[in-house]
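Here is a short briefing to read alongside the structure.

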Amino acid sequence: MASYSLIAGVKACDAHTPKCRPLPLVGMTKSALEGLFSGWLRDSRPCRNCKDGAALVRLGRGRSQHGLACAVMLIFSLLGSAHATSVWEDPARELARKVAESTGPGAVAVEVGNRSSLSKADVAAVRTALEGELAKSGVHFADRERAEAVVVVTLSENVREYVWLAEIAVGKNERSVVVVAVPRGEAGVVQAAGSGVVLRKQLLWTQEEAVLDAVMLDSGAHMAVLDGSRVTLLHWEKGKWQKDQELPVQHGRAWPRDLRGRLVVGKDHLLDVYLPGAFCQTTQHGAMALECVAKDEAWPLDDGLRAGFDAERNYFTGAISSAVGKITSVPAFYSAVALPREKYTLWVFAGVDGTVHAVDGMTDQVWHAVPWGSDAAAVHTGCGAGWQVAASGKTDTGNDELKVYDVPDREPMAMSAGLSFPGRITALWAGLESQAVAVVHNEEASRYEAYRVLFTCGD
Amino acid sequence: MKRIACCLLAAISWLTWPAWGGVRPRYGGTLRVTMTESLRSLDPAQDGNAAARTRVTPLLFDTLVRVDAEGRGHPQLAVAWQADRSFKKWQFWLRPGVRFWDGTPLTAETVVAGLGHAQWKARVNGEFVVIESEASLPGLLAELALARNAVVRRGSTGQLMGTGPFVIKSFVAGKLLELAANEASWGGRPFVDGVQIEFGKTLREQMVALQLGKVDLIEVGAEQIGKVESEGRKAQVSFPVELVALVGGPGRTKELEALSLAVDRKSIQSVLLRGGSEAAGGVLPEWMSGTGVLFPVQVDVEKGRAALKAGQAKAPAATRALTLSCDPGDGLARLLAERVALNAREVGLSVQVVSSGGDLHLERIPLGSGDPGVALEEVGRAVGVKVAPGLSAPGEIYLAEKKLMDEGGVVPLFHLPLAALVGERVRGFLADKLGGWGLEEDWMEGP
């Protein structure tokens, strides 16, 4: 049992476990251990990226820390084992009760097989819990030859839940079957980072309806999230975002299919909301509200420039509020990025026709084979020319990624590894200088996820 | 140091540009599609042509909700819903501002008029739709998501009106359907201007047409998936959503048991279906039920012979010779039937393949839903066995599955996925896990 526990504690996130299983601390030991090993416990508890177990193993290799590391591993393993057992106790009790109703007390042979994605450690924990519960019902265990009944338990699953089956043969009677459904647990959130210019993503918010934009307010104490139906105001409390208020977006006609929208912090009010053919502002006469009008208000781009957005499509028309140097109009585009230079601003437009236009005030240069997608945002990393383009692209797995490109001499050059996302990037807007907000449609989870992406110049 | 590192990285990265990607959908173009089945009617209430109907109906008509393979409900014409604790009374809030193609607003009355069902009653309560039943209906959302429960307005001359993303431009029954983008679609105008669907094309004809660039989207048979992928093309494959089974009706329990034990599913799966399927011992596929282990698929000749013998001891008149029919236009079904007949000899059963009217029929039965209870009901409808509504617990499902097999004389053989292949110009195509095509989300690259 001791050796099993050790394995369970360290390997909870090994290759056999398809989804990282959190290892919450349990019982009275939790607070005491958190106090003693707060740093390590904080790192390992959420089990975010499957490296925590490995980190513990590495700790064990340090000579001076060897004894302490072993103690930590043992404690973790015991906690992991206790957790695993406790998670499966209720369904094991239910299955044991149903089995015991068929077998009655006496000698029973129990065989447990696994056809599900449960790890070996979890299967062992289920078996332990099941045997414990059966023993409480007066069952004692025997091999097939001496048993009065044979119970073959199969741990199976479907897309919704785990399904535990027990085929029961008592004497020569026809076998009976009992089935118990066990809800699946939640998966952890995986983070990733690039290199060179380092990209990091933080999940801000997730919901079923498409998120169009999200902005941080009050230095991150509050957040506003825009979708096609509402602006949701939230505040950060107890380690998560809590809803304050939902402000409905009133609009008269159907939105375009690939709906886009933008939130901008107002000067004398909280928010401006830009949507295709509609413009909204927050008002505060007592309670806060959102007042919307059907209006083709030009959307703000970088550097004070504004551009018209097609009310029935998913792109900017190409009409801009003021000339960029001598250039007064540009082709229809999906996104625009301003890269400040010493004496001018270089504008980069991701065109609807798949080309990228670099406009420096004198010329409109077309870049043909630029490998980025439709969404781009300006970011200030301090690397290279200072300001760079963060642009969407596709990974080998079919998901989208963000990559940073420098434009030192009018030719974009990649200067970061790709930061991959769990789906297609549906919105990308520049935030503060070294941040952007990316929204991803996670097909697997059927949800939209808004991320804050942080860009820093690596060493 | 930072600058050097960045420049070095930039130089390296320049050599490894990724493929085009991350682009937003573009508007315009016509999507050309071919299908095997010959859809003769666009009315969602009609039966038959299930695979084609699954794909065509959502282009024209909406249901109150959509339910994905994991059983999660998603808003369609209903934006919200609520059930009481017993799941006997449901209330649906309709999406505001939805209009049929002719501009008529969607109302609760129109929705209720089309929702006829033996198990429940739908009624209007102000702006809401209320559905009530004497039985508990935990799987009602999955039932409402079936194509036959799509909301249709029938004009005075019988013409069909929908609220879907496309409108009918022209329809030649069984041959050609031309659709145009619905500019006023509540979900937004589709990206393509139109869709042209040709029916009744063999899988081979479809593949040739795709290779010649004459179509943009084709169906791929389960037996073709391996070959297509070995050629470096990526087929979009659903979960197994179609049951291939022998259906013999009641009264032949022992013969069917013997036949089930004789059929070498694994070998047929490997050789004829080239891996593009799952051997089936039960009606529902493993991904849906999780109880597949309770329906073994191993060949057991001795047990099969014993079953046949036991059957004859009970009913001496029982025959050792059976006829087996299949759809004469379905080449794969014919091959499968011949292999079944060959395997049957091993247990002493003579099975002759005939073109129609056999004792047994080899059928392809679409499961219709990712909800196991509703899928069982659909199979029950196909084989003429009533399955109790509202089943959801795996234990209940298992018992109902067994009962359906016994009462319907159903011998499950395989579960097949639906697969599709798109041409190079198509972007955004994503067949869902249940085999549906969301063509309104597709768009065309290039001129």
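Once neighbours within four places in sequence are set aside, Ala420(B) contacts Leu217(B), Ile218(B), Glu219(B), Val220(B), Ala235(B), Gln236(B), Ala431(B) and Trp437(B). Please bear in mind that this is a predicted model.

**Nonpolar cores**

- Ala420(B) is, together with Leu376(B) and Val379(B), among the residues with the most contacts inside the largest nonpolar core, which has 163 residues.
- Strand E19 of chain B, residues 410-422, gives this core its largest share, 10 residues.
- Another core, of 83 residues, lies apart from it and includes Leu270(A), Val324(A), Leu339(A) and Val440(A).
- As a general point, nonpolar side chains tend to be buried together in soluble globular proteins.

**An enclosed helix in chain B**

- Helix H7 of chain B spans residues 253-262, and eight of its 10 residues are buried, so the helix is largely enclosed by the rest of the structure.
- The buried residues are Glu255(B), Leu256(B), Glu257(B), Ala258(B), Leu259(B), Ser260(B), Leu261(B) and Ala262(B).
- What do the buried residues of H7(B) pack against? Their partners in chain B are strand E14 (236-247), helix H10 (301-314), strand E16 (321-326), helix H11 (331-344) and E19.

**Where the chains meet**

- On the chain B side, 46 residues are in contact with 45 residues of chain A.
- Three helices of chain B each supply at least two residues to the side that touches chain A: H1 (2-14), H9 (286-289) and H13 (394-408).
- H1(B) provides the largest share of that side, eight residues.
- By residue class, the side of chain B that touches chain A holds 25 nonpolar, 12 polar and nine charged residues.

**A four-stranded sheet in chain A**

- Strands of chain A form an open sheet of four in the order E7-E8-E9-E10, paired antiparallel.
- At the edges are E7 (211-217) and E10 (240-248) of chain A, each of which pairs on one side only.
- From one strand to the next, the twist averages 20°.
- Strand E9 of chain A, residues 230-237, runs antiparallel to E10(A) and is joined to it by eight bridges.
- Which residue stands opposite Leu234(A) in E10(A)? That place is taken by Lys243(A).

**A hairpin in chain A**

- Strands E21 (residues 356-359) and E22 (residues 364-367) of chain A run antiparallel and are joined by four bridges.
- Across this pairing, Ala358(A) stands opposite Gln365(A) of E22(A).
- Four residues lie between the two strands of the hairpin, where Gly361(A) takes a positive phi near 100°.

**Positive phi at two serines**

- Although it is not a glycine, Ser219(A) has a positive phi of about 55°.
- Ser219(A) sits in the loop between E7 and strand E8 (222-227) of chain A.
- Is Ser219(A) buried or exposed? Ser219(A) counts as exposed because it has 6 C-beta neighbours inside 10 Å.
- Ser446(A), also not a glycine, has a positive phi of about 55°.
- The loop that holds Ser446(A) runs between strand E29 (435-442) and strand E30 (447-457) of chain A.
- With 12 other C-beta atoms within 10 Å, Ser446(A) is exposed, because 12 or fewer is the cut-off for that class.

Note on methods:
Residues numbered from 1 in each chain as written. Chains lettered and ligands numbered in written order. Predicted model: local features only at pLDDT ≥ 70, side-chain atom pairs only at ≥ 80, totals over all residues. Pairing = 2+ DSSP bridges. Axes fitted to C-alpha atoms, helices over the stretch in contact; angles between N-to-C directions. Contact = placed C-beta atoms within 7 Å. Nonpolar A, V, L, I, M, F, W, Y, C, P; charged D, E, K, R; others polar. Core = buried A, V, L, I, M, F, W, Y, C linked by C-beta atoms within 7 Å. Buried ≥ 20, exposed ≤ 12 C-beta atoms within 10 Å, placed from the backbone.
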